[in-house]
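User: Please take a close look at one part of this model. I would like to know where it sits and then how the rest of the assembly is arranged around it.

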Number of protein chains: 2
Amino acid sequence: MARDGADPQTRILEAARAEFAAYGLAGARIDRIAKNAAASKERLYAYYSDKQQLFLDVLELNLREFASDAVLTDHDVPAFAGALFDHAVLHGDHLRMIDWARLETDGTWLPALEVMVGYRDEQVRRIRLAQQLGRVDASWDPVHLMTLIFGVASAWMHEPGAVAPRGAPADPEAVAARRASVIGAVERLIAPSPIGPIN
Amino acid sequence: MARDGADPQTRILEAARAEFAAYGLAGARIDRIAKNAAASKERLYAYYSDKQQLFLDVLELNLREFASDAVLTDHDVPAFAGALFDHAVLHGDHLRMIDWARLETDGTWLPALEVMVGYRDEQVRRIRLAQQLGRVDASWDPVHLMTLIFGVASAWMHEPGAVAPRGAPADPEAVAARRASVIGAVERLIAPSPIGPIN
DNA sequence: CATTCAAAACGAACTAGTTCGTTCGGTTCG
DNA sequence: CGAACCGAACGAACTAGTTCGTTTTGAATG
């Protein structure tokens, strides 16, 4: 499954990534991680103190990749939403991992959580700048708008009706249509002065 | 925890509701459910065939309550979003339960899923009607819009940054502000012909 | 009102299986 | 040689589900 030429530590982390995303912290099996990593449990526990620590390491890694992948640039908020959507589609595991963490932990992410908070604050700052530049309606609370954009971009991943039976077929045409809807929605959200004076 | 005067079967179901919402299917403990229900395991297994069946029963119950609680009426889509938001705030357990089910099952909800699909289809139908009445921009694919509205209404529950440490303080003022943002967002989403001809 | 009796419920122990984390002898490789 | 690694096994803890003897309930009956 994951017998890359990489060193065992990396192979284990990579296998853990898939395992935790699929089954969560409680459902993940250490034996399965070791097996899929083509490594021994002895090695796994040589590198990671215990199951939960491995879980948190995986979570932090995912969040770092996410935070460096989907960034608000050029004050283009719709494009940002598109990037969020793309990341969610391409790395569905990351979204699942965040959900697992939210559900299974009592808030002791500490290291991983800081990554998320720092990322969030930075994007909020950029939204505020976009507002000053007139690209985003100034009446929005930027923190609220940020949350709403996340909600819109990940709407399809949390859709209760869409129970893609473990690994969606991911019809490219449907995905493109959804992406367009997300971007269109965000454009409507940020449109300046929808009622107020015409510039 | 839940020693209502009700019969054991109901007490068990109620205790299971809290247990599964908090810990999920894998994390829930049968012993804990029985204890909190002030019932014996012997009774639990007399009423429910096994753990997963109990989980699915709880899920279906939650979905039914949800489906009868948040309904699109009077072609008022923003009010519908408000109702969704209110339900999510008041019954955070239901949202958690849906997330658990999405993450922990391979799609074998069958009974519970039909409730959700039926509900979803009905609301989509009403959105389509609202479009015909000019209350919602006709250029929206109603299914897409439905998903987006769900995403907006539940944005705060899926917010990765907001790690309300198990049972949020739920500052009423902040909740009201979030509710207003959700409704405002949906109003912007559905506003007819933002660019097209002026009727 | 008192008695009876079967169903419902309790509680505690038990079975059988699973899983984390550890240990250890053997093997490869630098 | 020694460090890294594997594979296999093991112990301890935990947990779903079962069993069984006892107690409570509640309705019918005399």
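In which loop of chain B does B:Leu110 lie?

Analyst: This is a predicted model. B:Leu110 lies in the loop between α6 (92–104) and α7 (111–132) of chain B. Its backbone has a positive phi of about 25°, although B:Leu110 is not a glycine.

B:Asp74 can be described in the same terms. B:Asp74 is not a glycine either, and its phi is positive, at about 55°. The place of B:Asp74 is in the loop between α4 (51–69) and α5 (77–90) of chain B. With 10 C-beta neighbours inside 10 Å, B:Asp74 counts as exposed.

The next step is the chain as a whole, taking chain A as the example. Chain A has ten helices and zero strands, and its pattern along the sequence is α-α-α-α-α-α-α-α-α-α. Of the 199 residues in chain A, buried ones make up 39%. Among the contacts in chain A with a separation of 6 or more, 69% are between residues 24 or more positions apart.

The domain assignment of chain A gives domain 1 (1–48) and domain 2 (51–190). The centres of these two domains of chain A, taken over C-alpha atoms, are separated by 26 Å. Where they touch, domain 1 of chain A supplies ten residues and domain 2 of chain A supplies twelve. On the domain 1 side, helix α1 (residues 8–27) of chain A gives the most, with eight residues. By class, that side of domain 1 of chain A has eight nonpolar residues, one polar and one charged.

Now the two copies. Chain A can be laid on chain B with an RMSD of 0.1 Å by a turn of 180° and a shift of 0.0 Å along the axis. The two copies are therefore related as by a two-fold rotation axis. In chain A, the C-alpha of A:Gly151 is nearest to that axis, 2.4 Å from it. Both copies use the same surface, as 100% of the contact residues of chain A recur in chain B.

The contact between the chains takes 41 residues of chain A and 41 residues of chain B. On the side of chain A that touches chain B, the elements giving two or more residues include α1, α6 (92–104), α7 (111–132) and α8 (142–153) of chain A. The most comes from α6 of chain A, with seven residues. This side of chain A divides into 20 nonpolar, ten polar and eleven charged residues.

Nonpolar residues can also be followed into the interior. In soluble globular proteins, nonpolar side chains tend to be buried together. The largest nonpolar core here has 116 residues, and A:Ala81, A:Val152, B:Ala81 and B:Val152 touch the most other members. Leaving out residues up to four places away in sequence, B:Val152 touches A:Leu148, A:Gly151 and A:Val152 from chain A, and B:Ala81, B:Val182, B:Ala185 and B:Val186 from chain B.

The surface near DNA strand C takes at least two residues each from α2 (30–36) and α3 of chain A and from α3 of chain B. By class, this surface near DNA strand C has six nonpolar residues, one polar and ten charged.

Around DNA strand D there are 16 residues, and the closest are A:Ser40, A:Glu42, B:Ile30, B:Asp50 and B:Lys51. The surface near DNA strand D has five nonpolar, one polar and ten charged residues.

Helix α3 of chain A also holds A:Ala46. A:Ala46 has 13 other C-beta atoms within 10 Å, so A:Ala46 is partly exposed. The C-alpha atoms of A:Ala46 and A:Gln9 are separated by 9.1 Å, although the two residues are 37 apart along the chain.

Definitions and conventions:
Residues are numbered from 1 along each chain as its sequence is written. Chains are lettered from A and ligands numbered from 1 in the order in which they are written. This is a predicted model: local features need pLDDT of at least 70, side-chain atom pairs count only at pLDDT 80 or more; totals for chains, interfaces and linings use all residues. Copies are superposed by least squares on the C-alpha atoms of residues with pLDDT of at least 70 in both. Two residues are in contact if their C-beta atoms, placed from the backbone, lie within 7 Å. A residue is near a molecule or strand if its C-beta atom, placed from the backbone, lies within 6 Å of it. Ala, Val, Leu, Ile, Met, Phe, Trp, Tyr, Cys and Pro count as nonpolar, Asp, Glu, Lys and Arg as charged, and the others, Gly among them, as polar. Domain bounds come from an automatic or database domain assignment. Helices (H or I, at least four residues) and strands (E, at least two) are DSSP runs, numbered from the N terminus. A residue is buried if 20 or more other C-beta atoms lie within 10 Å of its own, exposed if 12 or fewer, and partly exposed in between; C-beta atoms are placed from the backbone. A nonpolar core is a set of buried Ala, Val, Leu, Ile, Met, Phe, Trp, Tyr and Cys residues joined through C-beta atoms within 7 Å.
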